[in-house]
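Q: I am new to this structure and would like to learn how to read its sheets, helices and core. Where do we begin?

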Amino acid sequence: MEYHNINPVYDKDSKILILGSFPSVKSRESQFFYGHPQNRFWKVISALTGTSLPQTVEDKRKMLINNNIAVWDVIASCDIEGSSDSSIKNVVVNDLSEILKETNIKTIFLNGGTAYKLFKKYNKDIDIDIIKLPSTSPANARYSLNMLIDDWKIIRDRL
């Protein structure tokens, strides 16, 4: 059993929430979201917010907060082989009620199909706009960076 060991990033001004499925091995090692160097998340968010690519965890956290973006994951703990979403079993979900109560979040974006599927399965009582986006994971090789940025532009309308 692997446990989510990264605190959510948000503050009272957060307007959108981006949820992944579960942190990758690299993210769990670095203790922050999207820690794999090939994951395009930070490049996409930088492009959408017009900010330079953050290098440190603190820079990443500041970029999110300064742009009213909250980030966390659907899953709190699960059985997983490496970083493979397709191997996820025995899911325990994160409780999103605190984030939703303490913020002004009006839209939840799901980073990839697995995050979307698990969110829909375990969060039937959350009545907020839900939008599935293509995964920024390197496993989603058929999406170029430009394609991801294009599909993720919907986020700008919600900020």
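A: We begin with one pair of residues in this predicted model. Ile-75 has Val-93, in strand 5, as its bridge partner.

Q: In which sense do strand 4 and strand 5 pair, and over how many bridges?

A: Strands of a sheet pair through backbone hydrogen bonds, and the pairing is either parallel or antiparallel. Here strand 4, residues 75-79, is joined to strand 5 by three bridges in the antiparallel sense.

Q: What is the strand order of the open sheet of three strands?

A: The order is 1-4-5, and the pairing is antiparallel. Strand 1 (2-3) and strand 5 (89-93) are the edge strands, each pairing on one side only.

Q: What is the order in the open sheet of four strands?

A: That sheet reads 3-2-6-7, with parallel pairing. Its edges are strand 3 (69-73) and strand 7 (129-133), each of which pairs on one side only. From one strand to the next, the twist averages 25 degrees.

Q: How many bridges join strand 2 to strand 3?

A: Five bridges join them, and the two strands run parallel. Strand 2 covers residues 16-20. Within this pair, Ile-16 stands opposite Ile-69 of strand 3.

Q: Which strands does helix 2 touch as it packs on the sheet?

A: Helix 2, residues 41-49, touches strand 2, strand 3 and strand 6 (107-111). The direction of helix 2 makes about 165 degrees with that of strand 3. Helix 5, residues 113-122, also packs on the sheet, touching strand 2, strand 6 and strand 7. Its direction makes about 130 degrees with that of strand 6.

Q: Which residues of helix 5 are buried?

A: An α-helix has 3.6 residues a turn, so residues three or four places apart point the same way. In helix 5 the buried residues are Ala-115, Leu-118 and Phe-119. They lie on the same side of helix 5 because they cover an arc of only 105 degrees around the axis. Lys-117 and Lys-121, on the other side of helix 5, are exposed. The cover over the buried residues of helix 5 includes strand 2, strand 4, strand 5, strand 6 and strand 7.

Q: How many residues does the largest nonpolar core have?

A: In soluble globular proteins, nonpolar side chains tend to be buried together. The largest nonpolar core here has 44 residues, and those with the most contacts inside it are Ile-18, Leu-19, Phe-41 and Trp-152. Helix 2 supplies the largest share of this core, five residues.

Q: What does Phe-41 touch?

A: Leaving out residues up to four places away in sequence, Phe-41 touches Ile-18, Tyr-34, Leu-64, Val-71, Asn-111, Thr-136 and Trp-152.

Notes:
Residues numbered from 1 in each chain as written. Predicted model: local features only at pLDDT ≥ 70, side-chain atom pairs only at ≥ 80, totals over all residues. Heavy atoms only, no water. Pairing = 2+ DSSP bridges. Axes fitted to C-alpha atoms, helices over the stretch in contact; angles between N-to-C directions. Contact = heavy atoms within 4.5 Å. Buried < 20%, exposed > 50% of the residue type's maximum accessible area, 1.4 Å probe, protein only. Arc of directions from axis to C-beta. Core = buried A, V, L, I, M, F, W, Y, C linked by side-chain atoms within 4.5 Å.
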